[in-house]
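This report looks at charged side-chain pairs. The structure comes first, then the pairs one by one.

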Amino acid sequence: MPALNDQSHHPDFEGRFLELEESVRNARPGHDAAAFLAAIVESSEDAIISKSLTGIITTWNKAAERLFGYPASEAVGQPVTLLIPDDRLDEEPSILGRIRAGERIEHFETVRRHKDGSLIDISLTISPIRNREGKIIGASKIARDISERRRAAQHQDLLLREMHHRVKNLFAITSSIITVAARNATSAAALAADMRNRLVSLSRAHEMTLPSFTGDDAFQERAMTLLQLLSTILEPFSEVGEGRWALKGSDFEIAAKDVTNFALLFHELASNAAKYGALSVPDGRLEIEVDVTGEALKLRWLEKNGPGQSPASTHVGFGTRLEQTVARSLAGEIDREWLPDGLCLTLSVRLEQQP
């Protein structure tokens, strides 16, 4: 079993195996060290595979079967390209070239294909296999599944992008609120008081979108109706003696698990209205109508007297993707229509899908 012994080239594996082999020989003369090391390889949690210099699989442990789905009887004797997606086939000649040159490849992150066709993110350590004369005759690969680590990194990236998006939104909304407050202020003191009240309202509205990131279970359990939620989010854009926005129609209590999703959606819509839409201009108005019929919710968000916007001039950015994600989470659909003076958006949700 010399090839199997040589295939265990992982950080510290070679040194550890040599020490184990020596200790076994000293403690139990005549013990089959190669079989002992083969048992260690077979019980490894990492997939350990060896291949020839022509790319044919020569050995395959149990962890490789668990990771890739092929039993040894189906994998051994097959080209290693069996595991490589079509768009990554150019990796194999490069790897074999470096192995022939005696190079060891560590922590090479790539993607490989499971027997069922699904793709797996893995980290590879690849080492040359030498015979007793020191000639390179093949390569050993140790593969570790890093799919969970990749998903965690992607989730973290999404959260960072969302926080960046929120910060930009808050600065833009604050600027809009200052403009709104200044129109009604009769003195510096009145402006300061009005701004303070509006920013407190903005803080309350912003807080509603935080549980999905903080894990605040106590907040998620708080009951709230749809119109209460909308009123809280739109409060910073109220004006004394004027109706900047109006709510009408049916009301209902939002399922605890959906409060955050509804809050994220309405906060994003209000932010866009304050930056680009009806709430960004003095005469702009917002009308929201809610209709609950049986098991269906239909909400109409209509901006009037705004600066106007067309689909051609609308940038599909992170905010739009956020709306689409939230709509899917609510098992709902969003339809947009651009009217001459603003956005008309319709949200449809089947309430039977909310426990």
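Glu109 is partly exposed, at 36% relative accessibility; the class lies between buried (under 20% relative accessible area) and exposed (over 50%), using a 1.4 Å probe and protein chains only. Arg150 is also partly exposed, at 26%. The two side chains meet in a salt bridge, 3.1 Å from N to O. Here a salt bridge is a side-chain nitrogen of Lys or Arg within 4 Å of a carboxyl oxygen of Asp or Glu. This pair links distant parts of the chain: Glu109 sits in strand β3 (residues 105–113) and Arg150 in helix α7 (residues 147–184), 41 residues apart. Helices (H or I, at least four residues) and strands (E, at least two) are DSSP runs, numbered from the N terminus.

This is a predicted model: local features need pLDDT of at least 70, side-chain atom pairs count only at pLDDT 80 or more, and totals for chains, interfaces and linings use all residues. Residues are numbered from 1 along each chain as its sequence is written, and side-chain values use heavy atoms, without hydrogens and water.

Glu109 and Arg150 also belong to a salt-bridge network with Asp121 and Arg149. Across the whole structure, the search finds 14 salt bridges. Three of them are tabulated.

| Pair | N to O distance |
|---|---|
| Glu91 and Arg88 | 3.0 Å |
| Glu109 and Arg150 | 3.1 Å |
| Lys304 and Glu287 | 3.1 Å |

Lys304 in strand β8 (residues 296–304) and Glu287 in strand β7 (residues 285–293) are 17 residues apart. Lys304 is partly exposed at 30%, and Glu287 is partly exposed at 29%.
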